[in-house]
Amino acid sequence: MSEISYAGLFHGNTSLLETTIPNLLALKSVKQGYRPTSETLELLRLFRLMVNDCIDIGLASDTTAMKRLSILSYGKLERYGGYSGYRLNAISKAAGILAARKKSIRRGYPTKTPALSKPLLVSSYGFKVEDGKLRFALKAGGFQLISLTPHTMRVLSEPNLRIRSFTLTQKSLSVCISKQALEVECEGTVGVDRNLRNLTVGNEHCVIQHNLSKTVKIAETTTRIIGSFRRDDVKVRRRLASKYGRRRRYRTQHLLHNVTKQIVTQALTRREAIVLETIEGIRRLYRRGNGQGRSYRRRMNGWSFGEAQRQIEYKARWVGLPVIRLSRSETKGTSVVCSQCGERLQEDKRLRRKLWCGKCRTMTDRDVVAAINLSQRGRLRFDRSRAHEGPQGGVVEAVKGNPTTTVLLRVDAPKPSQRKT
Ligand SMILES: [Zn+2]
C-alpha cells in the first residue's frame with residue numbers, strides 16, 4: 001500500500017462551514033471497521049463530552065451560529081486538554097446538531113433535548129493518511145494509527161481526491177472525501193420512475209425495468225416480525241422493533257446499491273442526464289384519507305425510494321453526471337399522459353398496468369410511459385437551461401414529433417451477496 005503518496009493533500013484545512021461547498025463538488029465517504037485502543041476510546045468519550053457541553057451552551061444562550069458558539073464555548077473546552085483542533089470540530093458538530101433541532105422545531109416536529117448519545121470523534125484537522133494508515137492526533141505531540149483496509153485504500157487512491165474529514169465511532173472509521181467532478185456533456189436524458197416493485201429507467205429509445213420486489217418482501221417480513229412481538233414491556237418491544245428496522249434498512253440499502261450503480265453507469269456511457277421526480281412530500285402521497293388501502297400505503301412508505309434517489313444522486317455527482325429534479329407540478333400526469341401525443345391515456349380493465357392511447361392507437365406499459373414522460377420533461381428543462389438563445393417552443397416540437405418504438409428490457413436486481421470487486 002505504501003506506493004501511493006498523499007503528500008500535502010490531506011492536511012485537514014477544510015472550512016468548518018460545510019455550506020460553502022460549491023455545487024460541482026462531489027462528496028462521499030468510505031467506511032470500515034477497526035479495533036479502538038483504550039486511548040482512542042478515551043478520546044471519543046472526551047469528544048462526546050465536549051460536544052454536549054457546547055450544545056448546553058448553545059441552548060442556554062439560544063444560539064446555533066457557529067461563530068457565536070465558538071466565542072462562547074472555545075475557552076470552556078480548554079479544560080479537556082488534548083489536541084486543539086478537536087475543540088473546533090466539537091463546536092462544529094454541536095452547531096450542526098443545534099441547527100437540525102431548530103429546523104425540526106420550525107417544521108413543527110417535536111424534539112427532545114439534543115445530545116450526542118454515543119462516543120464519537122469527527123475531525124477535519126489533525127490527521128493524515130500515510131502508508132496505508134490513518135494517523136490522527138491524540139494530544140499535542142501524541143498520535144494513533146489505524147490500518148486502512150484494501151477497500152478503503154482503493155477508494156482513496158482515486159486521483160484528484162481531497163480527504164476532508166474522518167469520523168470514528170467505537171466500531172467504525174469513515175473517511176469523507178471530495179472531488180471536483182467535471183460535468184459530463186450530455187446528449188439526452190433518462191427518466192427514473194418508481195413503482196412498488198421496480199425502478200423503471202429510460203427514455204423513448206430504451207427503457208430498463210429493475211425488479212425490486214425483493215425490497216417489498218424484506219419490508220413485509222419486517223412488519224410481520226415486529227407485529228408478532230407479544231412482550232408486554234413497551235421498551236423491549238420498541239428496542240426489538242428498531243433492531244429489525246435497522247436490519248431491513250441495511251438489506252434494502254445493499255440491494256439498491258447494485259441497482260443504482262447500474263443506472264448511473266449506464267447513463268454515463270450513454271451521456272444521459274438523470275431525471276428524478278422530487279421526493280419532497282412523498283410520504284404525504286401515501287397516507288390516510290388518500291383513497292389507498294392500508295397495506296398499499298404501508299408498502300409504498302416502506303419502499304425506500306428516498307434511499308434509491310439519494311444513491312443515484314451522489315453516484316451521479318461523483319462522476320459529474322447532471323441530475324435534474326422535477327418539481328411536483330412538472331411531474332403532474334406523467335403516468336397518465338401519452339408520451340407521443342400528450343393525449344390522456346385509458347386504463348385497460350383486463351390487462352393490469354397497461355394504458356391505451358386512443359389517438360396513437362397503441363398500448364403501453366404504465367411504468368414505461370412514466371419513465372419516458374419524466375425523461376422528456378427533464379429534457380425540456382435541460383435544453384432550456386443550456387440553449388439560452390433558442391425559444392423553448394422548438395424543443396417541445398422536436399420531442400413530440402418523432403414516434404419511435406421503445407425497447408423494454410427487464411432486469412432482476414442482483415442478489416445482495418454478489419459483490420464485484
Ligand atoms: Zn398518443
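Biologist: At what angle do helix H1 and helix H3 pack, and how far apart are their axes?
Modeller: This is a predicted model. In the model, helix H1 (residues 38-61) and helix H3 (residues 85-106) pack at an angle of about 50°. Their axes are 8 Å apart.

Biologist: Which residues of H1 and H3 make the contact?
Modeller: H1 brings Phe47, Met50, Val51, Cys54, Ile55 and Gly58. H3 brings Tyr86, Arg87, Ala90, Ile91, Lys93, Ala94, Ile97 and Leu98.

Biologist: How many of those are nonpolar, polar or charged?
Modeller: The contact of H1 with H3 has 11 nonpolar residues, 1 polar and 2 charged.

Biologist: What about H2 against H3, what angle there?
Modeller: Helix H2 (residues 66-77) packs on H3 at about 135°. The axes of H2 and H3 are 10 Å apart. That angle makes H2 oblique to H3. The crossing of H2 and H3 is right-handed.

Biologist: Which residues in H2 and H3 meet?
Modeller: From H2, they are Met66, Leu69, Ser70, Ser73, Tyr74 and Leu77. From H3, they are Arg87, Ala90, Ile91, Ser92, Ala94 and Ala95. By class, the contact of H2 with H3 has 8 nonpolar, 3 polar and 1 charged residues.

Biologist: What sits between H1 and H2?
Modeller: A loop, and aspartate 62 is in it. Aspartate 62 has a positive phi of about 50°, although it is not a glycine.

Biologist: Is aspartate 62 buried or exposed?
Modeller: Exposed. Aspartate 62 has 9 other C-beta atoms within 10 Å, and a residue counts as exposed at 12 or fewer.

Biologist: Where else is there a positive phi in a residue other than glycine?
Modeller: Arginine 271 is one, with phi near 55°. Arginine 271 is in the loop between H6 and E11. Arginine 271 is exposed, with 12 other C-beta atoms within 10 Å.

Biologist: Back to H3. Where does glycine 85 lie?
Modeller: Glycine 85 lies in helix H3. Glycine 85 has 16 C-beta neighbours inside 10 Å, so it counts as partly exposed.

Biologist: What does glycine 85 touch, leaving out residues up to four places away in sequence?
Modeller: Ser123, Tyr125 and Gly126.

Biologist: How far is glycine 85 from alanine 137 in space?
Modeller: They are 9.2 Å apart, C-alpha to C-alpha. In sequence, glycine 85 and alanine 137 are 52 residues apart.

Biologist: New topic. How many residues are in the largest nonpolar core?
Modeller: The largest nonpolar core has 35 residues. Those with the most contacts inside it are Val192, Ile263, Ala273, Ile274, Val275, Ile312 and Ala371.

Biologist: Which elements give two or more residues to this core?
Modeller: The strands are E8 (188-194), E9 (198-202), E11 (272-277), E12 (323-326) and E14 (354-357). The helices are H6 (234-270), H9 (305-319) and H10 (366-386). The largest share, 7 residues, comes from H10.

Biologist: Take isoleucine 312. What is it in contact with, apart from neighbours within four places in sequence?
Modeller: Isoleucine 312 is in contact with Val192, Thr260, Ile263, Val264, Ile274 and Leu276.

Biologist: What does the second core include?
Modeller: The second core is separate and has 31 residues. Cys54, Leu121, Phe127 and Leu134 are among them. Cys54 is also part of the H1 contact with H3.

Biologist: H5 and H6 now. What angle do they make?
Modeller: Helix H5 (residues 213-227) and H6 pack at about 175°, with their axes 10 Å apart. H5 and H6 are therefore roughly antiparallel to each other.

Biologist: Which residues of H5 and H6 make the contact?
Modeller: H5 gives Lys214, Thr215, Ile218, Ala219, Thr222, Ile225 and Ile226. H6 gives Ala241, Tyr244, Gly245, Arg248, Arg251, Thr252 and Leu255. The contact of H5 with H6 divides into 7 nonpolar, 4 polar and 3 charged residues.

Biologist: Last one. How many helices and strands are in the protein chain?
Modeller: There are 11 helices and 16 strands. Of the 421 residues in the protein chain, 29% are buried.

Key
Residues numbered from 1 in each chain as written. Predicted model: local features only at pLDDT ≥ 70, side-chain atom pairs only at ≥ 80, totals over all residues. Helix = DSSP H or I, 4+ residues; strand = E, 2+ residues; numbered from the N terminus. Buried ≥ 20, exposed ≤ 12 C-beta atoms within 10 Å, placed from the backbone. Axes fitted to C-alpha atoms, helices over the stretch in contact; angles between N-to-C directions. Contact = placed C-beta atoms within 7 Å. Nonpolar A, V, L, I, M, F, W, Y, C, P; charged D, E, K, R; others polar. Parallel < 35°, antiparallel > 145°, perpendicular 65-115°, else oblique. Left-handed = near helix turned anticlockwise from the far one by under 90°. Core = buried A, V, L, I, M, F, W, Y, C linked by C-beta atoms within 7 Å.
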